[in-house]
Amino acid sequence: MQTAMASVSTFIAMSLVMLAAMSSGLLVAYANTEFISRTCNKTNNPALCIAVLTTKPQSAHASTEHDLARIALELTIDTAKHNVKVINDLDKKKQSKPEAFALAICLKAYTEATSALEIYASRTSKLGRTPVRWPMFRS
């Protein structure tokens, strides 16, 4: 069961990165696209990596791969928090409906994935790699 939840959490985290890339329509014209491209070419999905990182103005100021990783991590955390809120709102509206059970499972998975991402971010912060906070969604 733990392995299944870990797989679900990993899948959700990757899905969140993809959602973040699709949900932000503005490209950053002044981002260091050469550095981002060179870095993203080292990943399993360079096109997605480039799409995500070029949507964030902070990428223009990144000088290391760790900087870009922090930006991607913070974007993922912000997206996960937003999705938890949306799913929670849907769950409240569908309490007596057949989809309530599926929404509850989805909410639990997103909540656990968000928690795991935040724990990772805080651990990297304690190691001297302070994550930068740039909220993707404004309340």
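Visitor: How many salt bridges does a search of the whole structure find?
Guide: The search finds 7, where a salt bridge is a side-chain nitrogen of Lys or Arg within 4 Å of a carboxyl oxygen of Asp or Glu. This is a predicted model, so local features need pLDDT of at least 70 and side-chain atom pairs count only at pLDDT 80 or more, while totals for chains, interfaces and linings use all residues. Residues are numbered from 1 along each chain as its sequence is written, and side-chain values use heavy atoms, leaving out hydrogens and water.

Visitor: Which residue forms a salt bridge with Lys42?
Guide: Glu65 does, with the closest N and O atoms 2.5 Å apart. That pair links distant parts of the chain, 23 residues apart: Glu65 sits in helix α4 (residues 65–93) and Lys42 in the loop between α2 and α3. Helices here are DSSP runs of H or I, at least four residues, numbered from the N terminus.

Visitor: And where do Arg38 and Glu34 lie?
Guide: Both are in helix α2 (residues 33–40), 4 residues apart, about one turn.

Visitor: Is Glu34 buried or exposed?
Guide: Glu34 counts as exposed at 58% relative accessibility; the cut-offs are under 20% relative accessible area for buried, over 50% for exposed and partly exposed in between, with a 1.4 Å probe and protein chains only. Arg38, at 46%, is partly exposed.

Visitor: Switching topic, which residues are buried in α3?
Guide: In α3 (residues 46–53) they are Leu48, Cys49, Val52 and Leu53. Seen down the axis, the buried residues of α3 fall within an arc of 120 degrees, so they line one face of the helix; the arc is taken from the directions from the helix axis to the C-beta atoms.

Note on methods: Helix = DSSP H or I, 4+ residues; strand = E, 2+ residues; numbered from the N terminus.
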